[in-house]
Amino acid sequence: MSQAGLPHPFHTPTPEQTAAVETALQTRHSMRAFLPTPVPRETIERILQVAARAPSGTNTQPWQVHVLTGEAKDRLVQRLHAAYDDPEELATHTEEYAYYPREWVSPYIDRRRKVGWDLYGLLGITKGDKLRMHEQHGRNYSFFDAPVGLMFTIDRVMQQGSWLDYGMFIQNVMVAARAHGLHTCPQAAFTQFHRLIGEELQLAPQQMLVCGMALGYADPEAVENTLVTEREPIGGFVRFLE
Ligand SMILES: Cc1cc2nc3c(=O)[nH]c(=O)nc-3n(C[C@H](O)[C@H](O)[C@H](O)COP(=O)(O)O)c2cc1C
């Protein structure tokens, strides 16, 4: 242990430790069905504490996390569903920042379509089945039944660089969750309802919603959790200049 109670940074990983880190990274899949099994508060705290070792420009640590369980989560879920299922009300909710490009081009649009149809295919949702698509998208707003819902916010004064830092923190949360046998689904779907969420969580006006996340024990029987997404081989995105 080093002075701050952290493992020594020059620690050489054993083969088991190498495998453990790679397994945590490779078994992180977005899960979309969770068991009701509760997650102990100490486990949630440990995950967030370890995740906060994420780097950030000049150590600004721009993350703020709101952990929802029990009745607090249920109240938010109820309000989100009421808004999502009422077309008139739904039309009044728009996201505050553009997560996706305004204009979709290849190869991004192709990958987006593929993951969408792969998921719907597993669930037996066919093209044009608007009702089932609405229902499946709506599962986001119950955190896919996970016992823990996380909301991530950032101070509006922070700029693009801090959003980069934020992504590293969020990935750390998801990988640290794997170390405890837990799974996650990061969720931008909540951003559409940032006003409602801000109200329900009594967020300070200076706080902006980045995204949400479902956290819990994934249901191993759920067909949607069998989805394994593709990745481009490194030849498709890496260039070595020697
Ligand atoms: C910031 C972020 C937001 C996301 N938002 C959602 C979401 O709202 N709902 C959802 O079902 N999946 C969401 N995803 C999951 C992606 O669809 C998923 O990461 C991608 O298809 C790759 O699959 P994998 O996570 O299983 O590797 C999100 C992922 C990220 C990184």
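**An exposed serine, an enclosed strand and a ligand site**

With a relative accessibility of 52%, S106 counts as exposed, because the threshold for that class is over 50%. The structure described here is a predicted model. S106 belongs to the loop between α4 (87-90) and α5 (108-123). The side chain of S106 makes a polar contact of 2.4 Å with the side chain of D110. Between S106 and M133 the separation is 27 residues in sequence and 24 Å in space, taken from C-alpha to C-alpha.

Strand β2 (residues 148-155) is largely enclosed by the rest of the structure, because seven of its eight residues are buried. Strand β2 pairs with two other strands, described in turn below. Strand β1 (residues 64-68) runs antiparallel to β2 and is joined to it by five bridges; within this pairing, L68 has G149 of β2 as its bridge partner. Strand β4 (residues 207-216) is also antiparallel to β2, and eight bridges connect these two strands. Here F152 stands opposite C211 of β4.

The ligand is surrounded by 15 residues, of which S30, R32, A188, A189 and R231 are the closest. By class, this shell consists of seven nonpolar, five polar and three charged residues. Strand β3 (residues 183-187) contributes the most to the shell, with three residues. An N or O atom in the side chain of R28 is 2.9 Å from an oxygen atom of the ligand. Backbone atoms also take part: a polar backbone atom of A188 is 2.8 Å from a nitrogen atom of the ligand, and a backbone N or O atom of P186 lies 3.2 Å from a ligand nitrogen atom. On its own the ligand has 620 Å² of accessible area, of which the protein covers 74%.

How values were computed:
Residues are numbered from 1 along each chain as its sequence is written. This is a predicted model: local features need pLDDT of at least 70, side-chain atom pairs count only at pLDDT 80 or more; totals for chains, interfaces and linings use all residues. Side-chain values use heavy atoms; hydrogens and water are left out. Buried means under 20% relative accessible area, exposed over 50%, partly exposed in between (1.4 Å probe, protein chains only). Helices (H or I, at least four residues) and strands (E, at least two) are DSSP runs, numbered from the N terminus. Two strands pair if DSSP finds at least two bridges between them. A polar contact is a pair of N or O atoms within 3.5 Å; within protein, one must be able to donate a hydrogen and the other to accept it, and residues adjacent in sequence count only if both atoms are side-chain atoms. A residue is near a molecule or strand if one of its heavy atoms lies within 4 Å of it. Accessible areas come from the Shrake-Rupley method with a 1.4 Å probe; for residues, only the protein chains shown count as cover. Ala, Val, Leu, Ile, Met, Phe, Trp, Tyr, Cys and Pro count as nonpolar, Asp, Glu, Lys and Arg as charged, and the others, Gly among them, as polar.
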